[in-house]
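Let's take a walk through a protein chain together, starting with the whole and then stopping at a few spots along the way. Keep the 3D view handy as you read.

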Amino acid sequence: LTFYPTGGVSEKNLQDYLALKQVVAVGGSWIVPQDVVASGNFELLKTLAHSTLQVVRGTVGLASSGKVATASIDHTARLWNIGTGECLMSFLGHEDQVMCVAFSPDGELLATASTDKTAKLWHCESGQCMATCVGHSGPVYSAFFSPDGYNLLTASHDRSVKIWDSTTGGCEKTLAKFERTIHSAVYSPNGEMIATATDDSEVIIWNAATLQQVQKISSHEKKVFSVQFSHDSTLLLTASMDGSARISDLQTGKDKIVITGHTDWLRCAAFSPDSLKVVTASGDGKAMTWSAVSGKPLLTLSGHQDWLRMAAFSKDGGLIVTASKDGTAKVWRADNGECIRTLDGHRAWVRWAAFFPGRNRRLSVEFGGL
């Protein structure tokens, strides 16, 4: 006998059903909510179905063969195998704390940002340092590749943002129009904008080509620690010391969703690849996932022994990685919150973690009769 359950199935437990050999498929109304059907928003319906396919098809593959890079205040970055928990490589060369790691879009390079006032570019296969970006006069807090991988964007305590050539490590442009420390600087997925989060409650949007200010968003009450664009570059997600994460519409500059529920300040918030979910990391020692459509909580990820610095989704949305002051990073299933791996080996606080981008997966969704 084979079964096709549709009742009681949700995104949280569908993998448990699919693990049973008698189950050939699952279904559920959560894929196409009645209110979305009634609204006639078929693009959202396609996106919801695509998100479900990502969960079904992505989790097992990434768990067995995926990689994660971590940054620690022990002056090192490391590359890990998720399936085994083995440290594959250590990146040695910084003279102080490593604050951030980021993979280039093609997975060839790993960027690290450090309080030694430099960023470094490493070859992921060999571990060789390919270039050192020298020019900041203070600690470098974040590193972020442009969508085409040609440039590296860094943010520093010296109140400047710099754009570097990712091949040579040479500085191409400097944006120094800030009065406070910059915690985060990121490109939009379309490459047209840069968002900066400084040591106050404002987030500024810049034209990536001209470095001219195009927008200012002032919705938080306290300093903003992280900022991220949605996959289509129309929304902005921020996390703040005021204990909230906010999703703002870049066309209007107004909040669409306000996310609250943690018992301490938020250090990071990140969209899922389809921008339908958000994961938050808090000083309360927990990460939580939320609907980016309604702002309602979905899962709580508990297991770290100290406060969290960051959380992020894998490229296909099937996994989440968290980094903590307890000296570990953890990898979780995004569908049910199960911790599948603890990456333990750094000698101190893990400041950041990033999933290896891997190869692109092609998925297709068709709707008949809608």
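What follows goes from the overall fold to the core, then to some loops and charged pairs.

Before anything else, keep in mind that this is a predicted model. Start by looking at the secondary structure: you'll find three helices and 28 strands. The chain has 370 residues, and 55% of them count as buried. Among contacts with a separation of 6 or more, 44% are between residues 24 or more positions apart.

Now head for the inside. The largest nonpolar core has 54 residues, and the ones touching the most other members are Val 68, Val 101, Leu 110, Leu 152, Met 310, Val 321 and Val 331. Let's zoom in on Val 68. Leaving aside residues up to four places away in sequence, its contacts include Leu 79, Trp 80 and Ile 82, and also Val 321, Val 331, Leu 343 and Phe 355. So which part of the chain holds Asp 74, our next stop? Asp 74 sits in the loop between β1 (67-72) and β2 (77-81).

What Asp 74 does have is a polar contact, side chain to side chain, with His 346 at 3.0 Å. Setting aside residues up to four places away in sequence, Asp 74 touches His 346, Arg 347 and Ala 348.

Arg 159 has a positive phi of about 70° although it isn't a glycine. You'll find Arg 159 in the loop between β9 (151-156) and β10 (161-165), and at 43% relative accessibility it counts as partly exposed. Ser 233, another residue other than glycine, has a positive phi near 65°. Its place is the loop between β16 (224-229) and β17 (235-240). Is Ser 233 buried or exposed? With a relative accessibility of 7%, Ser 233 counts as buried.

Finally, the charged pairs. How many salt bridges are there? The count comes to six. One of them joins the side chains of Arg 180 and Asp 200, at 3.9 Å from N to O. Arg 180 is in the loop between β11 (171-175) and β12 (182-187), while Asp 200 is in the loop between β13 (193-198) and β14 (203-207), so this pair ties together parts 20 residues apart in sequence. Asp 199 is partly exposed at 22%, and Lys 223 is partly exposed at 24%.

Arg 246 and Asp 255 make another salt bridge, their closest N and O atoms being 2.8 Å apart. Arg 246 counts as buried at 13% relative accessibility, whereas Asp 255 counts as partly exposed at 30%. To finish, look for Arg 333, Asp 335 and Glu 338, which are linked in a network of salt bridges.

Conventions. Residues are numbered from 1 along each chain as its sequence is written. This is a predicted model: local features need pLDDT of at least 70, side-chain atom pairs count only at pLDDT 80 or more; totals for chains, interfaces and linings use all residues. Side-chain values use heavy atoms; hydrogens and water are left out. Helices (H or I, at least four residues) and strands (E, at least two) are DSSP runs, numbered from the N terminus. A polar contact is a pair of N or O atoms within 3.5 Å; within protein, one must be able to donate a hydrogen and the other to accept it, and residues adjacent in sequence count only if both atoms are side-chain atoms. Contact means heavy atoms within 4.5 Å. Buried means under 20% relative accessible area, exposed over 50%, partly exposed in between (1.4 Å probe, protein chains only). A nonpolar core is a set of buried Ala, Val, Leu, Ile, Met, Phe, Trp, Tyr and Cys residues joined through side-chain atoms within 4.5 Å. A salt bridge is a side-chain nitrogen of Lys or Arg within 4 Å of a carboxyl oxygen of Asp or Glu.
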